[in-house]
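Please have the sequence and the coordinates at hand while reading.

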Amino acid sequence: MARRPQELNKRKLVFYVVVSTLLITFSFYAYQICYTANILVDKERGVFEIKRGATYRQVLKDLYDQGFINDAVSFGFLARLKGYDKVVHPGHFAFSPNMNNLQGIAVLMGNDQVPVRVTFNNIRLLAELGPRITKNTSVTPQEFDEAVDRFVKSNTEGFTKENILSMFIPNTYEVYFNITADELVERMHEEYVSFWNDERKSKAQALGLTPIEVNILASIVRAEASKEEEAPRIAGLYLNRLKRDIALQADPTLVFAVGDFTLKRVLNVHKEVDSPYNTYTHTGLPPGPINMPGILFIDAVLNAEQHNYIYMCAKEDFS
């Protein structure tokens, strides 16, 4: 027996109502997932760190635990849909208040990172540099040291394990968190090349020194100068000694040779230490810097005071 037209119409109407309701509900939920604020809702701008080796699940957990996202389910669903679970990048990523999921995922997938700062100064030994220069990056001190070794072996600019510290100009630099060890060393080399412009190289050449040798002498001047304004005069004194082939006889080089940086007074016994850094028994410059001199001391050598001094004596106030 054929169904009555009225009953068929009712069934169609119910079907259309159900389908329309589902479509509206799905569309509304899809809109919410994509465009409703879900990141740093009513909060301030924040920087999210993803460590090297972090998995997608770990990133999602950290985003939620650290208060960057309110709804982890919607963010996670859309992130997988966009393929972010396959392209997790380490780094520092800046999120603005009230971003939606699409905007947040775009930040992470675009790898548009916030630079981090690396600062280093007041360093005596290369071993001290690694922990300082890698502090805000994903590079480990050991990876940095290994990258420095590779650079020393491959460079043609005269850098050695003894003088490589002279390549690092103390300052604050901006790099990306996910920079590699080799990239970090190369970045510092680029800064070195930029620092040693034509003017500075010309001044070094006029002194008969290479940039590396200027840095080595600057490290001695830095250790000797209790007042910065004395640096050009002290630099001039040591340059006079170098020109006349007189041993520098710089006490700070003996402290470095002995390896006891708590040493306050150099005695005659220290002058007998067998080391290329003993500037009492060896003429000329030591094989490497005894610290990391700042730009002021490098420029003090390049712009040394011209005089005839070859000796100096400290006053009671050590000036």
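In which helix does arginine 57 lie? Arginine 57 lies in helix H2, where helices (H or I, at least four residues) and strands (E, at least two) are DSSP runs, numbered from the N terminus.

## Basis of the model

The model is predicted, so that local features need pLDDT of at least 70 and side-chain atom pairs count only at pLDDT 80 or more, whereas totals for chains, interfaces and linings use all residues. Residues are numbered from 1 along each chain as its sequence is written, and side-chain values use heavy atoms, with hydrogens and water left out.

## Helices H2 and H3

Two packed helices are described by the angle between their axes and the distance between the axes. For H2 and helix H3 (residues 72–82), the axes come within 10 Å and cross at roughly 145°; axes are lines fitted to C-alpha atoms, for helices over the stretch in contact, and angles run from 0 to 180 degrees between N-to-C directions.

On the H2 side, Tyr56, Arg57, Leu60, Leu63 and Tyr64 meet Ala72, Phe75, Gly76, Ala79 and Arg80 of H3, contact meaning heavy atoms within 4.5 Å. The residues of this contact divide into seven nonpolar, one polar and two charged, with Ala, Val, Leu, Ile, Met, Phe, Trp, Tyr, Cys and Pro counted as nonpolar, Asp, Glu, Lys and Arg as charged, and the others, Gly among them, as polar. The C-alpha atoms of arginine 57 and glycine 76 are separated by 8.8 Å, although the two residues are 19 apart along the chain. Arginine 57 has a relative accessibility of 64% and counts as exposed (buried means under 20% relative accessible area, exposed over 50%, partly exposed in between, with a 1.4 Å probe and protein chains only).

## Salt bridges

The structure holds twelve salt bridges, each defined as a side-chain nitrogen of Lys or Arg within 4 Å of a carboxyl oxygen of Asp or Glu. One of them joins aspartate 65 to lysine 61, with the closest N and O atoms 2.6 Å apart; because these residues are four apart in helix H2 (residues 56–65), about one helical turn separates them. Aspartate 65 is partly exposed at 48%, and lysine 61 is partly exposed at 47%.

Arginine 150 and aspartate 182 also form a salt bridge, at 3.1 Å from N to O. Arginine 150 lies in helix H6 (residues 141–154) and aspartate 182 in helix H7 (residues 181–195), so this pair ties together parts that are 32 residues apart in sequence. Elsewhere, Arg80, Asp85 and Lys86 are linked in a network of salt bridges.

## Aromatic pairs

There are twelve aromatic pairs, counted where rings of Phe, Tyr and Trp (its six-membered ring) have centres within 6.5 Å, with planes under 30 degrees apart taken as stacked, over 60 as edge-to-face and the rest as tilted. The rings of phenylalanine 48 and phenylalanine 95 have centres 6.5 Å apart and planes at 50°, so the pair is tilted. This pair links phenylalanine 48 in strand E2 (residues 46–50) with phenylalanine 95 in strand E3 (residues 91–95), 47 residues apart, and both residues are buried.

Phenylalanine 120 and phenylalanine 168 form an edge-to-face pair, 6.4 Å centre to centre with 80° between the planes. Both phenylalanine 120 and phenylalanine 168 are buried, and Phe120, Phe144, Phe168 and Tyr173 form one aromatic cluster.
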